[in-house]
Amino acid sequence: MQIRTPDQWRAKDAAHVIHPNTMLGLHEQNGGLMIQSAHGSTLIDIEGKEYLDGIGALWLTNVGYGRPELADAAAAQMKELPFWSLFWSYGHTKAVELAERLAQLAPPGLSHTFFTSGGSEANESSMKIARLYHVRRGQPDRTVILALDQAYHGVSYGAMSATGIAAVRTNFAPFLTDVTHVPTPHPYRAGPEAASTALEALEQQIRQIGPKRVAALMLEPIGGVGGLIDLPDEYIRGARALCDRYGILLIIDEVICGFGRTGTWFGIEHSGVIPDIISCAKGITSGYFPLGASIIHDRVYAVIKGEPTDYFNHGFTYSGHPVGCAVALANIDLIEREELGARAVAMGAYLRERLLARANPHIAQIRGKGLMLGVQLAQNPATRQDPIDPEAHKKVEAGCRAEGVLLRALLGYTIAISPPLVITEPELDRIVDVLDRNIRRVFTGG
Ligand code: PLP
């Protein structure tokens, strides 16, 4: 690595790197948090300052940083076969091994995998597969994809079109046609009737569009970016029933929830619902290599396969990258061996209990499962009054960061906590301490 001072790194960064999801001008002026190395749940920046990673980078470093098992798997695969493709009649053994493994882990019946490089590509693929399914069944008019109005499904055109969050879509119209948003059953905003009201709206929308026009409904079991929206089981089960009634496929976006984060291999398992298609990414390699997947139910696969001469015209250069597959296999081994799903449940319960013990007067709700939690801020929890300061959650995030703890301010005044699943109790104590203090400081104007 080149030797440069922190200021030199920042100047070169401002001169050449376009950062995703930021105010580019402000970023150029202020610089960002440049990380040099990491171990466990700790990040070290270019000045040598340590940060506790309370967000698993982008909800994904499930096995923590600096795991030699994953580095060794990548190095060994790079030496043996750095790249080969799955196009046409090609194949390689690592993709077979991983697809077989995913079939064992996924809910019953989902045993065919199409690989991608990340979550947006996985959702893109799941949506295309849903449309193809209906074409092959002789119902080509079923083109409409339904998604929640507070969902986040990615930034490529199809995935962004399915994303409901307005800010993600601003400036990028026109969108994919035939994508329609339905109300989100927000467990805080919509109250106890959240599920039944949203289900009624969903059915009404399906009838309005015409049931024979709808291809699929796409849901995150726990919406991440939209504000840590833990969908009620009643809603997920009701949505499954509506899909069955109207011949609609259910796509579950597990990009964040998969691979132990919520305590199970897939977030949908908590509801007992079997989806038709799962999109996953992130935790599949704990972020050590870009990889995603659409895992498809056998009955859907049997239809899209069609006749022996029917062509499946879809594939990315890096679909089933052998290094990604090798890293994913090693990562899944670690999650299994170290029982990180069970650990996520135990540590999540500990974190919740410690936070509640603080009796912070501005925490209205703690949502989520395992180590995917959202802390709902309110001016007055009793009346559910939102913070008077519209920047309150962002100030809390900034205050925590200044104290060396990375958390994430989400839409709707929520602070996300989604650390590596290997995080320890003392590290969680520190998160609680810093978060509690900063919430109090921000709300008292300190
Ligand atoms: N789906 C969900 C639920 C996500 O949270 C994300 C990314 O945060 C995506 C899809 C998009 O994944 P990627 O950024 O890998 O394209």
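A polar side-chain atom of serine 120 lies 2.6 Å from an oxygen atom of the ligand. This distance belongs to a predicted model, as do the other values in this report.

| Protein residue | Part of the residue | Ligand atom | Distance |
|---|---|---|---|
| Serine 120 | polar side-chain atom | oxygen | 2.6 Å |
| Aspartate 253 | polar side-chain atom | nitrogen | 2.7 Å |
| Glycine 119 | polar backbone atom | oxygen | 2.8 Å |

The shell around the ligand includes Gly118, Gly119, Ser120 and Asn123. Tyr152, His153 and Gly154 also surround the ligand, and so do Glu220, Asp253, Val255, Ile256 and Lys282. By class, the shell holds six polar residues, three nonpolar ones and three charged ones. Helix H6, residues 119–136, supplies the largest share of this shell, with three residues.

Strand S9, residues 229–230, contains aspartate 230. Is this residue buried or exposed? Its relative accessibility is 14%, so aspartate 230 counts as buried, the limit being under 20%. The side chain of aspartate 230 has a polar contact of 2.9 Å with the side chain of lysine 369. That side chain of aspartate 230 also reaches the backbone nitrogen of glycine 368, at 3.4 Å. When neighbours within four places in sequence are set aside, the contacts of aspartate 230 are Pro187, Pro221, Ile222, Gly368 and Lys369.

**Histidine 92**

Histidine 92 is placed in the loop between helix H4 (68–80) and helix H5 (93–105). Its relative accessibility is 8%, and histidine 92 therefore counts as buried. Which backbone oxygen does the side chain of histidine 92 reach? It is that of glycine 320, at 2.6 Å. A polar atom of the histidine 92 side chain also lies 3.4 Å from the backbone nitrogen of lysine 94. Beyond neighbours within four places in sequence, histidine 92 is in contact with Leu81, Trp84, Ser85 and Leu86, among others. The contacts of histidine 92 also include Gly320, His321, Pro322 and Cys325.

**Helices H12 and H13**

Helix H12 covers residues 322–337. H12 has 16 residues, and the distance from its first C-alpha to its last is 22 Å, close to the 22 Å expected at 1.5 Å a residue. H12 is mostly covered, with 13 of its 16 residues buried. Just after this helix, glutamate 339 has a positive phi of about 50°.

Helix H13 consists of 18 residues, 340–357. At 1.5 Å a residue, H13 should span 26 Å, and this agrees with the 25 Å between its end C-alpha atoms. The buried residues of H13 are Leu340, Gly341, Ala344, Met347, Gly348, Tyr350, Leu351 and Leu355. How does the pattern of a helix bear on such a list? An α-helix has 3.6 residues a turn, so residues three or four places apart point the same way.

**Other backbone features**

The peptide bond between alanine 173 and proline 174 is cis, with omega about 0°. Proline 174 sits in the loop between helix H8 (166–169) and strand S6 (179–182). Aspartate 178 also has its place in the loop between H8 and S6. Although it is not a glycine, aspartate 178 has a positive phi of about 65°. Aspartate 178 counts as partly exposed because its relative accessibility is 30%.

Alanine 57, which is not a glycine either, has a positive phi of about 60°. Alanine 57 is found in helix H3, residues 56–59. With a relative accessibility of 33%, alanine 57 counts as partly exposed.

Notes. Residues numbered from 1 in each chain as written. Predicted model: local features only at pLDDT ≥ 70, side-chain atom pairs only at ≥ 80, totals over all residues. Heavy atoms only, no water. Helix = DSSP H or I, 4+ residues; strand = E, 2+ residues; numbered from the N terminus. Expected span 1.5 Å × (residues − 1). Buried < 20%, exposed > 50% of the residue type's maximum accessible area, 1.4 Å probe, protein only. Contact = heavy atoms within 4.5 Å. Near = heavy atom within 4 Å. Polar contact = N/O pair within 3.5 Å; in protein donor to acceptor, adjacent residues only side chain to side chain. Nonpolar A, V, L, I, M, F, W, Y, C, P; charged D, E, K, R; others polar.
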